[in-house]
Amino acid sequence: MTELRQRVAHEPDAPPEDKESESEAKVDGETASDSESRAESAPLPVSADDTPEVLNRALSNLSSRWKNWWVRGILTLAMIAFFFIIIYLGPMVLMIIVMCVQIKCFHEIITIGYNVYHSYDLPWFRTLSWYFLLCVNYFFYGETVTDYFFTLVQREEPLRILSKYHRFISFTLYLIGFCMFVLSLVKKHYRLQFYMFGWTHVTLLIVVTQSHLVIHNLFEGMIWFIVPISCVICNDIMAYMFGFFFGRTPLIKLSPKKTWEGFIGGFFATVVFGLLLSYVMSGYRCFVCPVEYNNDTNSFTVDCEPSDLFRLQEYNIPGVIQSVIGWKTVRMYPFQIHSIALSTFASLIGPFGGFFASGFKRAFKIKDFANTIPGHGGIMDRFDCQYLMATFVNVYIASFIRGPNPSKLIQQFLTLRPDQQLHIFNTLRSHLIDKGMLTSATEDE
Amino acid sequence: MKRPFQGDWVESVLTVCPDSIFITCKYNNAWLQVLGIQVKCFHEIITIGYRVYHSYDLPWFRTLSWYFLLCVNYFFYGETVADYFATFVQREEQLQFLIRYHRFISFALYLAGFCMFVLSLVKKHYRLQFYMFAWTHVTLLITVTQSHLVIQNLFEGMIWFLVPISSVICNDITAYLFGFFFGRTPLIKLSPKKTWEGFIGGFFSTVVFGFIAAYVLSKYQYFVCPVEYRSDVNSFVTECEPSELFQLQTYSLPPFLKAVLRQERVSLYPFQIHSIALSTFASLIGPFGGFFASGFKRAFKIKDFANTIPGHGGIMDRFDCQYLMATFVHVYITSFIRGPNPSKVLQQLLVLQPEQQLNIYKTLKTHLIEKGILQPALKV
């Protein structure tokens, strides 16, 4: 913190102001933004080259440009293989992996914050950041567990109490963290502490909420997890390939390497890829069925009667394509139509997540979020485009695919007062009669 | 250094004035007032951000900040409207469409703002723009969510809106008075004027005040009933059979209180017991909201959030303690008082597939007959 004071001493030429408080604010504002610009000139730790020794030896005879290309290529394949392996291992492992990715991303972004603000010396704050992460995760996991494992929760008495007062407990835990923050405010470091507080909360908002949306999507059916993520990865790779071979017109000043050719080529390639992948995956129950917790076997099962979305249907091809392909009808899964929407989003809006992360890296003068993956940077670098995608898929499912959960509604109904229950029952009955679903014959069953 | 007593009269009057607006309001006005206050608080905090970062010259960003405020408000108001006005919404065709795809529409609007932000990034001002983006979002998180929790509390029954707010105000005033007359031991370095005597004295007086205010307000249906929208009269009504919470019950006093008060039993509203919890929170944890705001002002070297109210600073200065309170009351209500919202359950039922509705209907019917709420000999 002495660094800040020294910089104040080096700023004698602050312009004179009329109001004293404003000049005070301006000097300090100057100091703040100036200290940040000083931070820019002293570059943050240069990313060391920590490619594994094995790869280094294997590629030692290639020039450094091609070596870089090969490193990236090999690690891309390794990550895709890893992706397949964890899919094979099932939903429980996937949940744990999502959690680990979330913690790593949170750690990376917080570390950047520490680097930017030189706030290593606020030991309280590290503890508080991790504590807030724990609180918010507890809140979200609690909500998920209550929804999906309702019967398990009702059986165990301590779990039942925890779930009944879940919001209150989470709020109390958060409040404790908030009060600890207020009590930890130290005179000289007020601004830094507020910055880190804000930084932590924004990071939590981005990282934790998205990872929980990913888990919600996962529970809806693994296909809702795999297809969006693969579309984003495919778009990344395809846009790079098209840009590499045909790229000429730059796309956006933020990322000079992106080109319009890559963007458009990537879009079409991703839509086609999405269609093919959905066709392949819709055939298998283990991908298509919602994840359920089976009380008898005490484990997750993915077994069900596939919904209409995943049953082959005949569609009439519009006239214009008929002449091209020569078929009159085509058999597709309805899900493939949805996959077009998902791929379109992944190709058109997903890159904005990437641009956001690029802008962020340029703003804070960092090359990569971290050095976890050689040639690729940190985990955040891999997942920056995924964030918007996860939210979109969740909103898409909630709006267009499934309605409210019937068993959850019944639970909620059972907690209402008798007169409210009666009122709802009567309204439902008149509604069903209006729709013609209910007649006196069925009523007497 | 203690201020002369004369100045305190002005301060007290100006304290009571804006807050008394709440007391006289009706539901229709309350909505608008909460919205107005929220917009003003948002504006104050954003203006501070502009001053701290000298980012007046990013014209795009003002537009974007207001746009995000609009989006988030649209999302929250849409959820509230859908929940409470299910019958009203069912009638209008366009509203039905908007409600059904509400989340998607809100998300699309937000995304448009996000993309505009990314497209507006200018080379020299990256860091500034990201700061303002984060500043806007944190501000939205604080002001907009809290104000919507306040409105949800309001719909639960005006008493859930009045008692917490008045407890916080009372705690403010009585802590100040106790501190003025008896204050000696400083409480926290952040706010040197606060003292332990004020803190503890304020705590006890607030609990007593809350207890009495709860007793007075629990008698009137107007305060106690949840607000409902009646389609026949096309307006809000607060008429109902008061729940057990607001019906006098006799409690046996524990022995030591019996000796003091020389009464065996006492007639209380159960709500008064809850009011003790609310007042305790207002006195013990509410001040932390004030300390947070004081720390914030010191961090950014500002004396007040703005100069809207003479002698008091901005709207945020008046409402800094209220934010935690609103969230607490909401969490308290959902955890301990009410279950799920009936009209929300109904609304979700009506959205389901007809076959699912039929299944649920049969399950409910069996349940109601078992409980004896429904007579088995019901004819269509």
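**Notes on the predicted model**

1. Helix H16 of chain A is mostly covered, with 13 of its 14 residues buried. Keep in mind throughout that this is a predicted model.

2. As for its geometry, H16(A) runs over residues 350-363 and reaches 20 Å from its first C-alpha to its last. That is close to the 20 Å expected at 1.5 Å a residue. After H16(A) comes A:Lys365, and its phi is positive, near 55°.

3. Stepping back to chain A as a whole, you'll find 21 helices and six strands. Of its 445 residues, 44% count as buried. Take the contacts in chain A between residues at least 6 apart in sequence: 69% of them join residues at least 24 apart.

4. Over in chain B, have a look at helix H9 (residues 196-217) and helix H12 (residues 270-284), which pack at an angle of about 150° with their axes 8 Å apart. Angles over 145 degrees count as roughly antiparallel, so that is how H9(B) and H12(B) lie to each other. Their crossing is right-handed.

5. Which residues of H9(B) and H12(B) meet? On the H9(B) side they are B:Phe199, B:Gly202, B:Phe203, B:Thr206, B:Val207, B:Gly210, B:Phe211, B:Ala214 and B:Tyr215. Facing them from H12(B) are B:Phe271, B:Gln272, B:Ser275, B:Ile276, B:Ser279, B:Thr280, B:Ser283 and B:Leu284. The residues of this contact divide into nine nonpolar, eight polar and no charged.

How values were computed. Residues are numbered from 1 along each chain as its sequence is written. Chains are lettered from A and ligands numbered from 1 in the order in which they are written. This is a predicted model: local features need pLDDT of at least 70, side-chain atom pairs count only at pLDDT 80 or more; totals for chains, interfaces and linings use all residues. Side-chain values use heavy atoms; hydrogens and water are left out. Helices (H or I, at least four residues) and strands (E, at least two) are DSSP runs, numbered from the N terminus. The expected span of a helix is 1.5 Å times one less than its number of residues. Buried means under 20% relative accessible area, exposed over 50%, partly exposed in between (1.4 Å probe, protein chains only). Axes are lines fitted to C-alpha atoms, for helices over the stretch in contact, and angles run from 0 to 180 degrees between N-to-C directions. Angles under 35 degrees count as roughly parallel, over 145 as roughly antiparallel, 65 to 115 as roughly perpendicular and the rest as oblique. A crossing is left-handed if the near helix is turned anticlockwise from the far one by less than a right angle, and right-handed if clockwise. Contact means heavy atoms within 4.5 Å. Ala, Val, Leu, Ile, Met, Phe, Trp, Tyr, Cys and Pro count as nonpolar, Asp, Glu, Lys and Arg as charged, and the others, Gly among them, as polar.
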